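Subject: A structure for you to look at

Hello,

Here is the structure I promised to pass on. Please open it beside this email and follow along.

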Amino acid sequence: MRAALLASYHSPLELTELPEPQPERAGDVVVRVGGAGVCATDLHSIDGWMEEAGVRPPRVLGHENAGWVEAVGEGVSSVRVGDPVVVYPAYSCGLCLPCRRGDDMRCVNGRFTGLSADGGFAEHLLTTERSLVKLAPGIDPADVAPHADAGITAYHAVRKVCHLARPGSVSVVIGIGGLGHIGLQLLRELGSGTVVAIDADERCRRLADELGADHVAGAGQVVEAARDLTGGRGADVVIDFVGSSSTHADSLAALARGGTYSVVGYGGTLSAPSISLVANEQSVVANLVGTWPDLYELLELHSAGKVVLRTERHHLEEVNDVLEMLRRGEVFGRAVLVPG
Ligand SMILES: [Zn+2]
Ligand SMILES: [Zn+2]
């Protein structure tokens, strides 16, 4: 099969022929890839930052995958050949304590598609029955592939704070990109109150406006916007999809007493005097991907037309151009690679 392989760090992916994966163990499923979303984490993998997450060349990247069931191993009963599916990126055993608690992201026997196991920048990928969510009829896998990571990460983060987005509250979303444009809609759908969208890019601010933000402001205006809209009280919730040192500082400065800062993007350093967090009883919450039920629930919202996903399609052979576009900040919404 055709695949884009991370053969070594700091170099373009190698477009090559690899043996087609086959079901090896009971519960294995081979998926014919219909679309694979391209994520900033793929850049981090190429840059050699993701060894702790299990990336070791040679590896096929791609962790936001959807397609059709191509072959099933022994004992598979919940899907059949031909079913359209989204691939939840974490493998989970179902038997360990985190799995039994429903926290399949933290399975002690877990692996992750496109990081510690081969992913979807290819024509086929090997996963297990437990990782699949069946798609409703009429949904094209390439249109929903980014929900497998960008979408569930946003969903997981919003679900944790949406009870705080009460009527009369002010919530700020920083970064209206691949994740943030979904997070903004989810805050509307699962919460209430006023939603403020912040982005440095004018096109992203326009998108935020289209997707229902009550107020839209530029990157340097987080604190000002939060204070203006609350008579100086500050934001009840800030969800930060950027995670730079400056968005960390702005988010904490914009927060109301009793407010919650939800961190999704990463890379910066967050520092705060503990006396200020204690005196103001503020919370900082971090988020990593999401659970299988998060993905299931998000797809329910998608099927009901309550979440719109902005994607642009590219051929798998264009993977290196797409990665460079993403590095330059030129991808609007989410880029999806389509093989064949
Ligand atoms: Zn990702
Ligand atoms: Zn487990």
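Domain 1 covers 2-148 + 290-338, and domain 2 covers 152-286. The C-alpha centres of the two domains lie 28 Å apart. Keep in mind that this is a predicted model.

**The zinc site**

Next, find the zinc ion (ligand 1). Which residues are its protein donors? They are Cys39 (SG), His63 (NE2) and Asp149 (OD), at 1.8 to 2.2 Å from the zinc ion. Along the sequence, the donor residues follow the spacing C-x23-H-x85-D. Histidine 63 and aspartate 149 link distant parts of the chain, 86 residues apart. Histidine 63 is in the loop between β4 (59-60) and β5 (64-72). Aspartate 149 is in the loop between α3 (141-144) and α4 (150-161). Are these two buried or exposed? Histidine 63 has 2% relative accessibility, so it counts as buried. Aspartate 149 has 8%, so it counts as buried too.

**Helix α11**

Now go to helix α11 (residues 319-327). Its buried residues are Val319, Asn320, Val322, Leu323 and Met325. They pack against β1 (2-6), β2 (14-17), α1 (40-46), β17 (311-315) and β18 (334-338). Leucine 326 is also in this helix. It leads back to the zinc donor Cys39. Leucine 326 and cysteine 39 are 287 residues apart in sequence, yet their C-alpha atoms are 8.1 Å apart in space. Leaving out residues up to four places away in sequence, leucine 326 touches Val38, Cys39, Ala40, Leu43 and Val331. Just after α11, glycine 329 has a positive phi of about 75°.

**The nonpolar cores**

The largest nonpolar core has 51 residues. Which of them touch the most other members? They are Leu13, Val86, Phe121 and Leu132. Another core, of 30 residues, lies apart from it and includes Tyr155, Val173, Ile176 and Ala197.

Take a closer look at leucine 13. Setting aside neighbours within four places in sequence, its contacts are Ala4, Leu5, Leu6, Ile46, Leu61, Phe121, Val319, Asn320 and Leu323. Val319, Asn320 and Leu323 are among the buried residues of α11.

Beyond four places in sequence, its contacts are Ala165, Leu187, Thr194, Val195, Val196 and Val237.

**Arginine 111 and the rings**

Arginine 111 is in strand β8 (residues 111-112). What lies under its charged end? The ring of tyrosine 91 does, with the charged end 4.3 Å from the ring centre.

How many aromatic pairs does the structure hold? It holds one. Tryptophan 292 and tyrosine 296 form it, and the pair is stacked. The ring centres are 5.8 Å apart, with 15° between the planes. Both residues lie in helix α10 (residues 292-303), four residues apart, about one turn of the helix. Tryptophan 292 is partly exposed at 26% relative accessible area. Tyrosine 296 is partly exposed at 39%.

Most residues other than glycine have a negative phi, and most peptide bonds are trans. Here are some exceptions to check.

- The peptide bond from proline 57 to proline 58 is cis, with omega near -5°. Proline 58 lies in the loop between α1 and β4.
- Histidine 10 has a positive phi, near 60°. It lies in the loop between β1 and β2. With 62% relative accessibility, histidine 10 counts as exposed.
- Glutamate 281 has a positive phi of about 45° although it is not a glycine. It sits in the loop between α9 (274-279) and β16 (283-286). With 65% relative accessibility, glutamate 281 counts as exposed.

Best wishes

Note on methods: Residues numbered from 1 in each chain as written. Chains lettered and ligands numbered in written order. Predicted model: local features only at pLDDT ≥ 70, side-chain atom pairs only at ≥ 80, totals over all residues. Heavy atoms only, no water. Core = buried A, V, L, I, M, F, W, Y, C linked by side-chain atoms within 4.5 Å. Buried < 20%, exposed > 50% of the residue type's maximum accessible area, 1.4 Å probe, protein only. Contact = heavy atoms within 4.5 Å. Donors = N, O, S within 2.8 Å, 3.2 Å for Na, K, Ca; no water. Helix = DSSP H or I, 4+ residues; strand = E, 2+ residues; numbered from the N terminus. Phe/Tyr/Trp six-rings, centres within 6.5 Å; stacked < 30°, edge-to-face > 60°. Lys NZ or Arg CZ within 6 Å of the ring centre and 35° of its normal. Domains from an automatic or database assignment.
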